[in-house]
Amino acid sequence: MPRAITGPMTSSFEIFDHTADAGIRIRAATLPELIQPATDGLYTCIGELVGSGNTAPFRFERTEAAPDAATLLRDYLQELLVLFETRTRRLSRVQVGEFTSTRIAVAGESQVVDETRSVYYREVKAVTYHELAIREIPGGYEATVIVDI
Amino acid sequence: MSEKYTGPLERIDANRWRIPKSYKPGMHVDGVIYADDALVAAIKEDKSPEQVANVACLPGIVKYSLAMPDIHWGYGFCIGGVAATDPLQGGVISPGGVGYDINCGVRLIRTNLTAEDVRPRIRQLVDRLFANVPCGVGKGGIIKFKKNELATLMEEGSRYVVRKHGLGWESDIEVTEAHGCIANAQPDLVSDTALERGKDQCGTLGSGNHFMEVQVVDQVDDEKVAAAMGLEEGLVAVMIHSGSRGLGYQVCEDNLKDLRDTPRKYGIELPDKQLVCAPVHSNEGQRYIGAMGAAANFAWCNRQIMTHLARQTFAEVFESPAERLGMHLVYDVAHNIAKMEPYDVDGKQVELCVHRKGATRAFPPGHPELPERYRHVGQPVLVPGDMGRYSYVLCGQPGSMSDTFGSSCHGAGRRMSRGAAVRASKGRSILKELLDRGVIARARGRTGLEEEQPDAYKDVISVVNVLDAAGISKKVARLKPIGVIKG
C-alpha cells in the first residue's frame, strides 16, 4: 500500500524478499527519476561496488513499438549487469536523456570496479520479467523488478 | 511476493494431488503435484500450484502438468516443474521450463577414503578446495577459452575437456547424463554477449546455492544399488552443484527477448507471459533448442573441469593420485533442461519434448540410455539437501516412466527467503553453527553462508520420501556434509 505523499516524492529504492531471489522496489516522482535508484538497487544486490577511475562513456538507448516502460527499464538494468560481468564496470554517472513508455535513453560514465575496495554479496544471473511493473502511485511512480540470484 | 494458492487440490492418493483441468480456461490437461499431507499445506503458501495450472495451458502438452515435492514459485514454470509436449501436435518449447541456469545440475564423485581418513585433514582439504576451485563473483576459471575453442566445447560437451585438455577420465563420460553432450547443439546461435559472459567462467562454481561439498555416506538404504554406485557407509564423496554460468544465463535472456512476440505469431494464448514459447518444430523453437544445447554442453564442461580440480586437490592433500583414491564419478545429472525423449502415449511410442525445471531425470532399471553399470539398478538421482543436514542419492524406478516422464525431484526447496535468512542470522555465527554440526565451511560472498544456511531449506527427507513411496525414485544412500565451499 503506497504511503501518503505530502510533498514531492524522493527517489528511493528498497530491496525486498523474494524466496530464492531478490526484489527491487523503486519510487520516484517521474519516470526518468526512477533510473538512478534502479541503478543503485541493482548494484546493491550484487554488493558494495567501488569504482576506481578508468572512466569510459556509457550509452543505452531502446525504443518499444508498444508502450512498455517496465520492459525498457528491465532491458537497461540487464545491460548494466552485462557491463559488470563482462567488463567489471559499474556506472559512476547517470544522465537520463529520456524515459517514456516507449523510449529509454541513458548516457553517463562507467568505471572499473576496484575489487580490493569492493565487497561482493552474490552473483545476479539476470534481471527477470517476473512481477515486472511500473505503476503510478500518489506523487509519482513505483517500479518492481526481480533479479534472479 | 505471491499470495497463497486458493484453487482446487484434489487428493489422488497419499502422494499426489490433482488440479483439475476445469479449474481455469485454457488448461488442456490436469495438473498433478507430488506431495504428502505435510508438504501440501506448505505448498499452498505460495502460488506455485497456479503455475502448474498455467503450464497445463501450453499447446501440445501431454497427459498432465507435473510438479515434484520440492515445488516452489519460479518464473513461468514453478521450480520442480515437469511438462512434456508433443511436437507433432503443435507442442511447444518454453525457456521458462528450463530456467536461466541451463543445465544447472549435480555430480557426485566417490572415494575410497573413510571419514576417519579425512577428518584429521578436513580443514586443510576445505581450504585447498576453496583455493583451487574458482568460486564467487568475478572469479575466472583456470583456462581462458578462445572463441573458436568455446564453439568446439559447446558442440562436443565434456568429452572435449577430457580428451583435449586431460581434465578428467574417459570413464567420466559414460556416467554423465547424455554422455555430457546434447547432440545437434548449435554454438553459432550463442550470442557474442553470452560468449563474453561465459568465456572465463568454464570451471567455476558460481555463487548462490551452488556448492562443492565433501560428504560422508552416513546411511545406506539399498546396499545392492549403493554397491553398484561405489558407495558404502563411512566412505567420503564429493558433490558439485553448478551450471552453465553467465553463458547459459545470457542464452536464456537472449531467447526470452527473441521470443517475446512469438506466441502471438503462432496464435498461442498464454495465461502468463513468462511462459513465452514457440512450437518445437518452428524456426524459433529450433533456434532456442540449438542454443540451449550449446549452453548445456558448456555446463557439463564446467562441472567436468571442477571434477578435475577436486581430484587434484584430494591428491595434493592426501598425497596420493586420485586414481588410487578411487575418485570415480558416480553420476552427473541435469536438473534444468529440456530434452527429446520417447514415451508411451496411449499405447504408442512418441518423441516428446520434456521440460525439467528443477527436476531430475530418473530412468529406471533396464532403460537403454543408462550406462551398463546402472542398467540393472536404475539411474542415480542426486538430490542436494542443505549444508547442515544431508543430501540424498536415489535411483530411478519404473513409476517414473509411467507417471512422471522419467523425472524426480532435484533438491529440498527453500522455506525462507534470502532476506529472511540473513535477518534470522543476526547475532549468530552460521560458520560456528556449522562447525558445531561438524561442517567446515568457506564462502566468498559476504552473505553467502547466511542466505544458504540449513534453516533456509526444507528437510530434503520430506521430499525424497514422497517419491520413494510413489515408486518414482527410491532411496539409496544419505550423505552428510563435513566440508563445503561456496561462492
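Predicted model: local features only at pLDDT ≥ 70, side-chain atom pairs only at ≥ 80, totals over all residues.
**Getting to know a two-chain model**

Trainee: What pLDDT does chain B average?
Mentor: The pLDDT is the predictor's confidence in each residue, from 0 to 100. In chain B, 100% of the residues score at least 70. For the complex, the predictor gives an ipTM of 0.93 and a pTM of 0.96. The average pLDDT of chain B is 96.

Trainee: Back to helix 5 of chain B, then: which of its residues are buried?
Mentor: Buried means 20 or more other C-beta atoms within 10 Å of a residue's own, exposed means 12 or fewer, partly exposed is in between, and C-beta atoms are placed from the backbone. What covers the buried residues of this helix includes helix 6 (158–165), helix 8 (192–198) and helix 12 (283–318) of chain B. In helix 5 (residues 147–156), the buried ones are B:L150, B:L153, B:M154 and B:E156.

Trainee: How many residues of chain B are in contact with chain A?
Mentor: A contact is two residues whose C-beta atoms, placed from the backbone, lie within 7 Å. On the chain A side, 25 residues take part. On the chain B side, the count is 31.

Trainee: And which helix of chain B gives the largest share of that side?
Mentor: Helix 8, helix 10 (245–258) and helix 14 (418–424) of chain B each bring at least two residues to the side that touches chain A. The largest share is five residues, and the helix that supplies them is helix 10 of chain B.

Trainee: How many residues on that side of chain B are polar?
Mentor: Ala, Val, Leu, Ile, Met, Phe, Trp, Tyr, Cys and Pro count as nonpolar, Asp, Glu, Lys and Arg as charged, and the others, Gly among them, as polar. The side of chain B that touches chain A has nine nonpolar and seven charged residues. Its polar residues number 15.

Trainee: How many of the 14 residues of helix 10 of chain B are buried?
Mentor: Among the buried ones are B:R245, B:Y249 and B:L256. Their cover comes from both chains: it includes helix 2 (69–87) and strand 8 (126–127) of chain A together with helix 8 and helix 12 of chain B. Helix 10 is mostly covered, and its buried count is eleven.

Trainee: Is strand 3 of chain B paired with strand 4 in the parallel or the antiparallel sense?
Mentor: Two strands pair if DSSP finds at least two bridges between them. Strand 3 (residues 30–34) has five of its five residues buried, and it pairs with strand 2 (residues 16–19) in the antiparallel sense over four bridges. With strand 4 (residues 64–72), where B:V32 stands opposite B:L66, there are four bridges too, and the sense is parallel.

Trainee: What is the radius of gyration of chain B?
Mentor: The radius of gyration is taken over C-alpha atoms, and the globule rule is 2.2 Å times the number of residues to the power 0.38. A compact globule of 487 residues would come out near 23 Å, which agrees with chain B. Of those 487 residues, 63% count as buried. The radius of gyration of chain B is 21 Å.

Trainee: Why is B:E284 classed as buried?
Mentor: B:E284 is found in helix 12 of chain B. Leaving out residues up to four places away in sequence, B:E284 touches B:L259, B:T262 and B:A278. B:E284 is buried because the number of other C-beta atoms within 10 Å is 21.

How values were computed. Residues numbered from 1 in each chain as written. Chains lettered and ligands numbered in written order.
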